[in-house]
Amino acid sequence: MSHVPPSDWPSDWPSDWSSERPNERPIGGRPHGGGASDGFGPREPLHQPPNPADLDRFPPASPDCARVRGWLRDAADGDLGAAETRAVEEHVHVCRACSIELSRAEHEVLRLRQAFREMGAGEPKLPAGLGRRIVQRLVLDETSILPAATMAAARAEAEVRLAAEARLRGGAEGRRPEWLARGGWVRRGWRGRGGAFLRSPLTQLVFMLVLLLGLGVGFAVLDEDGALPDRVSRLVVLDADDAFHGGSRLSRGQNLGENQVLQVRRGGGALVEWSDATEFAQPAARLRLSGEGNVQLHNGVPQLVNGRVEVLTKRPVSLVMGDGSEIVLGIGQYVIEADLRVDGDFDLVRPPDSGLSSRPDDLRVTVEVLQGDTAKVERVSGPAFVQAGQIGLYQGSGALVVRQGGGFVATADNFEELRQPVNEEPLAEARLSGHVYESTGSPGVGTTVAMALSVGGQALSLGQVTGPDGSFSLATGASADSPFAIVLAAPASVRRDLGVITPEARVLTRQALDAQVSLPLVLENSVPVIGIVHDDLGQTVQGVQVLPCVVDELFGHVLCLTTERAFTDELGRFRIERLPSRLPPGQALVLLLLHAELETTVVAVPERGDEMAAVVLAPMVARHLQQVALHQLPPNTSIEILEEVPGLPPECAAWRRRAMTNGQGRVELLSVGYGAMWLRLIGPGQAMVRRLVLDDLSGVPRYAPVVGPWKPLTSVFSQLQAIPDSSSDANVRIEVASSFRYQHFLTGASPGSGRALHALDGFGVGVVAAEVFAVDPAGPRGAAQVRFLGFTSNSGALSIASRTSTEGLAIVGHDGGTAFVTPEALNASAAATVSVTVQRPGRVLVHQSLRPSPMAPYRLVAVEFRREDASLPGIAPVFRRFASDVHAWEITDVPPGEYGAYINGVKHAIVVPPDGFVILQ
């Protein structure tokens with residue numbers, strides 16, 4: 001039976017220590033898992049069969065009823081595993097007979113507990129440690145039937161444990177740590193009111209008989225050779241509040257095994273026992289996780305990625321941190337905190353729960369020894385030590401800084417006092433706060449928010465998960481010195497119906513040291529992309545990686561959303577969720593179709609919050625690769641061929657293929673796509689490339705390097721990063737320069753004097769909150785290097801004193817209106833104020849002759865507008881838009897200018913007037 005919890009047991013701790021560990025028995029079979037009887041030794045739970053008289057009076061009506069009847073007594077005691085408990089609950093909701101039998105079993109449990117309370121009232125206490133000594137005599141005695149090796153190991157561990165307990169007690173109880181005083185280990189069950197029934201001599205005898213029977217059952221799980229079964233590392237959940245694994249909420253009794261992540265959200269917590277794979281007594285330690293924490297069993301050892309964990313150990317153990325460091329603990333009580341910050345370069349495409357792959361500089365670790373043995377911190381720079389009453393702090397490759405805790409042993413009671421500097425007033429800390437809501441008005445609970453802003457003239461990146469009210473509050477250390485922040489938000493992983501918010505700039509409002517995002521972040525519904533991929537022969541293709549990307553139509557950036565990618569199934573189908581519902585003006589959503597045997601194909605799709613997102617997409621077609629030959633190359637040389645990806649900015653993506661030339665300097669056959677190719681010789685020194693051109697069409701197309709000097713690779717391609725799983729061949733991979741327009745922004749306070757920009761609309765009125773970018777054509781092949789300067793004021797003004805002589809200006813209104821000022825125009829004018837007119841976008845109606853027939857199955861027309869008139873050095877805008885009968889075949893947001901509009905590869909010349917209307921025909 002379960003122990004009755006004491007009346008003063010804290011509500012946030014488990015109330016039944018005797019049944020914390022789930023029974024892991026086969027259905028209707030013998031138990032093969034164990035729980036803790038006294039907090040230190042294994043206990044085999046006893047299966048209670050149904051009462052035969054009850055079965056005779058109320059026979060099971062079905063096989064399901066028979067199975068559930070065998071569990072009802074264990075269910076009443078709380079001894080069932082999580083899966084069996086759910087099965088019982090679901091069954092009794094639909095079966096009246098079994099529901100009545102469960103109520104009868106629960107009533108019996110209540111009567112027995114009441115009887116035990118009455119029997120134990122007024123009886124003297126059992127001697128301290130009686131249960132432990134009984135177990136030692138029964139299990140560790142020389143007459144035990146356990147193997148000699150197991151006996152020796154158990155005896156040695158018992159001696160270590162007893163010595164550790166004596167060291168912790170120090171000969172007196174003293175001030176016990178809070179979670180020991182609250183019943184942290186099961187010793188409270190022996191001494192407190194919760195163990196009152198053990199004080200009666202009669203109940204002592206009953207308990208001894210039950211214990212002997214439990215040991216007999218435990219011996220039954222020995223294998224034929226007399227050895228104990230293999231142990232498995234796991235975390236057993238004793239209590240959980242707002243804790244999850246893989247998007248599923250955790251409850252008491254569930255187990256987490258190797259590489260399974262326990263995630264605790266802000267304000268939640270989880271109490272777990274850690275059992276390792278050793279032959280020592282289990283569990284090895286008890287952990288309490290809080291503070292937006294993430295813990296994962298990695299090679300059988302808990303790995304703390306983020307958050308705060310309180311550890312109460314029963315023998316020497318170690319924990320691994322997300323940066324690769326290891327903290328070796330003795331026997332005692334410890335607090336370890338890990339603060340995982342966003343990458344310094346604001347890598348917003350990293351998954352919110354990307355697990356354990358943080359960079360060393362990301363993690364700030366605090367180790368506090370509340371009581372017990374010294375903690376050793378193992379790092380690349382060498383070991384360091386934190387003693388009882390001390391706090392150690394380290395980050396990245398920096399040294400471990402140890403601070404004394406005031407000359408006394410820290411406990412939970414004085415923990416907060418210890419954290420404050422002695423004789424120092426606590427300093428006010430600046431914070432950045434805001435709210436996340438869903439489009440329905442509900443708070444965006446569990447949303448991962450990443451932000452970058454300027455603090456003290458430096459770019460600072462922070463991240464947090466929102467709480468139950470959808471709010472976030474980030475410590476910035478000092479007040480923000482710029483009136484904006486760059487924001488990214490990803491909804492909770494379980495909310496597949498909501499879309500991510502890609503990086504965008506947000507205005508900040510200030511109050512003293514604090515700042516707040518002026519408008520809440522809104523998570524909108526996202527319609528999934530459902531499609532099918534064919535090759536050029538009309539056959540569906542399995543295993544195509546479909547990678548969603550955000551393409552900056554103005555500045556030529558590509559942002560890969562790798563966390564949401566998908567692969568086609570055996571029928572060529574795929575489904576992608578959580579894509580952006582809307583995008584900032586001048587950006588588009590595309591899909592990259594990646595396959596080692598097919599040409600990389602770029603397919604544009606509508607924003608997932610638009611009405612056109614529900615229109616059925618036509619099959620996506622990717623051509624097979626072509627066979628080419630190379631010649632006029634150095635003989636017997638390793639080479640790389642970098643092939644551009646048609647449909648993306650040429651400097652932003654490339655397939656990298658390795659090959660070896662023969663003695664004649666040739667590569668006889670090479671599978672490539674149809675993009676422009678560059679040759680690179682593999683060897684020491686700076687990476688240099690040369691363009692490959694077609695020079696022979698007889699037979700297999702043959703390419704050769706152009707005549708002329710070699711070019712540095714960095715002058716042709718941006719810094720590229722490989723896309724994982726893009727090819728099974730190690731010599732073939734695709735690489736993309738994943739970035740976004742706000743990645744580089746003005747840091748430090750805006751200059752108070754100097755030149756200013758004045759953005760006006762067509763009526764001469766200032767444009768409010770227009771985004772202003774400094775554009776320098778200094779990137780590869782003259783591509784734009786973009787720097788975000790900020791928003792225009794209520795009068796349309798913004799200081800441009802930080803602009804350099806090589807930078808032009810691009811202005812983007814909130815409605816998609818644009819304006820450009822070249823570096824030459826800015827340098828030629830000496831005026832203190834530069835005025836520019838922001839032209840609103842125009843409307844384009846697709847002529848009936850270009851629409852699909854009324855009987856066509858696919859009702860979506862994709863139009864690609866390529867800007868042909870001069871705009872700004874370094875940029876060549878390409879706008880991807882869609883027309884359908886949903887919007888009466890009208891496209892409403894094309895920036896004004898001269899374009900070549902392409903539909904199915906056919907060009908149509910068109911001039912889009914500002915704030916006007918034109919027919920595409």
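These legends walk through several close-up views of a predicted model.

Residues are numbered from 1 along each chain as its sequence is written, and side-chain values use heavy atoms, with hydrogens and water left out. Because this is a predicted model, local features need pLDDT of at least 70 and side-chain atom pairs count only at pLDDT 80 or more, while totals for chains, interfaces and linings use all residues.

**View 1**
The score here is pLDDT, the predictor's confidence in each residue, from 0 to 100. The chain averages 79, and 75% of the residues score at least 70. Residues 1-46 stay under 50, and the model has 144 contacts for them beyond four places in sequence (contact means heavy atoms within 4.5 Å). Over residues 406-427 the pLDDT is also below 50, and this stretch has 35 contacts beyond near neighbours in sequence. Where pLDDT is low, the predicted coordinates should not be read in detail.

**View 1. Strand β33 and its two partners, β36 and β39.**
Strands, like helices, are DSSP runs numbered from the N terminus: E with at least two residues for strands, H or I with at least four for helices. Strand β33 covers residues 626-630 and is mostly covered, with four of its five residues buried. Buried means under 20% relative accessible area, exposed means over 50%, and partly exposed lies in between (1.4 Å probe, protein chains only). Two strands pair if DSSP finds at least two bridges between them. Four bridges tie β33 to β36 (residues 667-672), and these two run antiparallel. Look for Gln-626, which stands opposite Val-672 in β36. Leu-630 has Tyr-703 as its bridge partner in β39.

A salt bridge is a side-chain nitrogen of Lys or Arg within 4 Å of a carboxyl oxygen of Asp or Glu. The whole structure holds 38 of them. One of these joins Asp-552 to Arg-741, with the closest N and O atoms 2.7 Å apart. That pair links distant parts of the chain: Asp-552 sits in strand β26 (residues 545-552), Arg-741 in the loop between β42 (732-736) and β43 (756-760), 189 residues apart. Another salt bridge brings together Arg-506 and Glu-504 (2.7 Å, N to O). Arg-506 counts as buried because its relative accessibility is 11%, and Glu-504 does so at 8%.

**View 2. Glu-643 meets Arg-657 in a salt bridge.**
The N to O distance in this pair is 2.6 Å. Glu-643 belongs to strand β34 (residues 638-644) and Arg-657 to strand β35 (residues 653-660), 14 residues apart. Glu-643 is at 3% relative accessibility, so it counts as buried. Arg-657 is at 5%, so it counts as buried too. Salt bridges that share partners also join Glu-640, Arg-656, Arg-658, Arg-680, Arg-733 and Glu-735 into one network.

**View 3. Inside the largest nonpolar core.**
A nonpolar core is a set of buried Ala, Val, Leu, Ile, Met, Phe, Trp, Tyr and Cys residues joined through side-chain atoms within 4.5 Å. Which residues touch the most other members of the largest one? Of its 65 residues, they are Ile-486, Phe-773, Phe-788, Val-844 and Phe-865. Strand β51 (residues 860-867) gives the most to this core, with four residues. Leaving out residues up to four places away in sequence, Phe-865 has contacts that include Val-844, Pro-877, Phe-879, Ile-891 and Tyr-899. A second, separate core of 37 residues includes Trp-274, Leu-297, Ile-327 and Leu-329.

**View 4. An open sheet of four strands.**
The order is β52-β51-β54-β55, with antiparallel pairing. At the edges are β52 (878-884) and β55 (906-912), each of which pairs on one side only. Neighbouring strands are turned by 30° against each other on average, direction ignored (axes are lines fitted to C-alpha atoms, for helices over the stretch in contact, and angles run from 0 to 180 degrees between N-to-C directions). Four bridges join β51 to β54 (residues 897-903), and Arg-866 has Gly-900 as its bridge partner in β54.

**View 5. His-814, in the loop between β47 (808-812) and β48 (818-821).**
Is His-814 buried or exposed? His-814 is exposed, because its relative accessible area is 63%. Not counting residues up to four places away in sequence, His-814 touches Pro-585 and Val-768.
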